[in-house]
Amino acid sequence: MGKRDNRVAYMNPIAMARWRGPTQSAGPTIQDYLNRPRPTWEEVKKQLENKKRGSKALAEFEEKMNENWKKELEKSRQKLLSGNESSSKKKERKRKKKKKSCRSSSPSSSSDSSSSSSDSEDEEKKQGKKRKKKKNRSYKSSQSSTYESESESKESVKKKKKSKDETEKEKDVRSLSKKRKKSYPDDDLSSESSSESDYEEDVQAKKKRRCEEREQAKEKVKKKKKKQHKKHSKKKKKKSGPSHKSR
């Protein structure tokens with residue numbers, strides 16, 4: 001068996017295009033674009049003149065609008081000025097009326113003014129007294145707060161000193177008891193044993209309390225763990241239930 005012959009005859013594309021002839025183009029050609037109808041120079045001049053005329057008409061319209069707007073502004077200004085003048089005239093009239101009424105009631109007004117001045121002085125004095133009282137109260141309150149803070153600090157210092165003294169006394173008692181045991185083991189055993197027994201009882205009671213507190217805390221932790229374990233097991237059962245049913 002020989003090899004298959006996969007060779008193909010070579011065809012010149014240019015020769016094939018010539019053989020086919022000219023193609024029918026769907027759109028306009030370059031010659032059509034070059035031979036398109038164009039306006040003459042006179043027609044172009046007419047178009048430019050028409051554009052200029054249009055711009056002039058627009059400018060004239062804008063000028064008319066501006067003139068109308070200026071007239072409206074002048075009218076509104078005149079109205080405002082007339083209103084201000086009328087209000088100023090009314091105020092002047094009221095002032096004149098007040099002056100006339102004050103002149104007519106001058107003897108009575110003098111007595112009223114003296115009484116009003118005395119009343120104003122009394123009010124000022126009362127207000128000054130109230131201000132002084134407020135200042136004194138604020139000063140006293142600040143002093144009391146500082147005194148309380150100082151007393152609290154002193155009490156805390158005293159408590160610390162007492163606690164230190166008590167610890168030092170206990171240490172001294174222990175050291176003395178040890179020394180007495182070493183020097184005089186048979187003497188004063190009864191007194192020392194009573195004091196030591198009381199101290200040992202206190203220590204044992206404290207130890208018992210601590211042990212009980214620790215046991216209670218451990219029990220609480222265990223109960224919490226059991227509850228969490230139960231909740232976790234319930235969740236696992238709920239999740240595993242539908243999967244078994246699907247199987």
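**View 1. Lining of the second largest pocket, by residue class.** In this predicted model, the residues that line the second largest pocket divide into six charged, two nonpolar and no polar. The lining is made up of Glu-170, Arg-174, Tyr-199, Asp-202, Val-203, Lys-206, Lys-207 and Arg-210, and the pocket that these residues surround has a volume of about 160 Å³. Two helices, helix 4 (106-183) and helix 5 (189-246), each supply at least two residues of this lining, and helix 5 gives the most, with six residues.

**View 2. The salt bridge between Arg-7 and Asp-5.** Arg-7 forms a salt bridge with Asp-5, and the closest N and O atoms of the pair are 3.0 Å apart. Where a salt bridge is taken as a side-chain nitrogen of Lys or Arg within 4 Å of a carboxyl oxygen of Asp or Glu, the count comes to one salt bridge. Both partners lie on the accessible side of the classification, Arg-7 being exposed and Asp-5 being exposed as well.

**View 3. Helix 1 and the glycine just after it.** Helix 1 spans residues 13-20, and because the number buried among its eight residues is zero, this helix lies largely in the open. Just after helix 1 comes Gly-21, which takes a positive phi of about 95 degrees.

**View 4. A nonpolar surface patch that includes Leu-34.** Ile-30, Tyr-33 and Leu-34 form a nonpolar patch on the surface, and together these three residues have about 380 Å² of accessible area. Leu-34 has its place in helix 2, which covers residues 30-34. Since exposed means over 50% relative accessible area, Leu-34 counts as exposed at its relative accessibility of 52%.

**View 5. The chain as a setting for the close-ups.** The chain contains five helices and zero strands, so that, by the DSSP runs used to assign helices and strands, its pattern read along the sequence is α-α-α-α-α. Of its 247 residues, 1% count as buried, a class that requires under 20% relative accessible area. The chain exposes about 25800 Å², and carbon and sulfur atoms supply 52% of that area.

Technical notes:
Residues numbered from 1 in each chain as written. Predicted model: local features only at pLDDT ≥ 70, side-chain atom pairs only at ≥ 80, totals over all residues. Heavy atoms only, no water. Patch = residues over 30% accessible without salt bridge, like charges linked within 9 Å, V, L, I, M, F, W, Y side chains within 5 Å. Areas by Shrake-Rupley, 256 points an atom, 1.4 Å probe, with all protein chains shown as cover. Helix = DSSP H or I, 4+ residues; strand = E, 2+ residues; numbered from the N terminus. Buried < 20%, exposed > 50% of the residue type's maximum accessible area, 1.4 Å probe, protein only. 1 Å grid on protein atoms, 1.4 Å probe; cavity = no way out; pocket = protein on both sides within 12 Å on 5 of 7 lines; lining within 4 Å. Points joined across faces, edges and corners; volume = space filled by probe spheres on them. Nonpolar A, V, L, I, M, F, W, Y, C, P; charged D, E, K, R; others polar.
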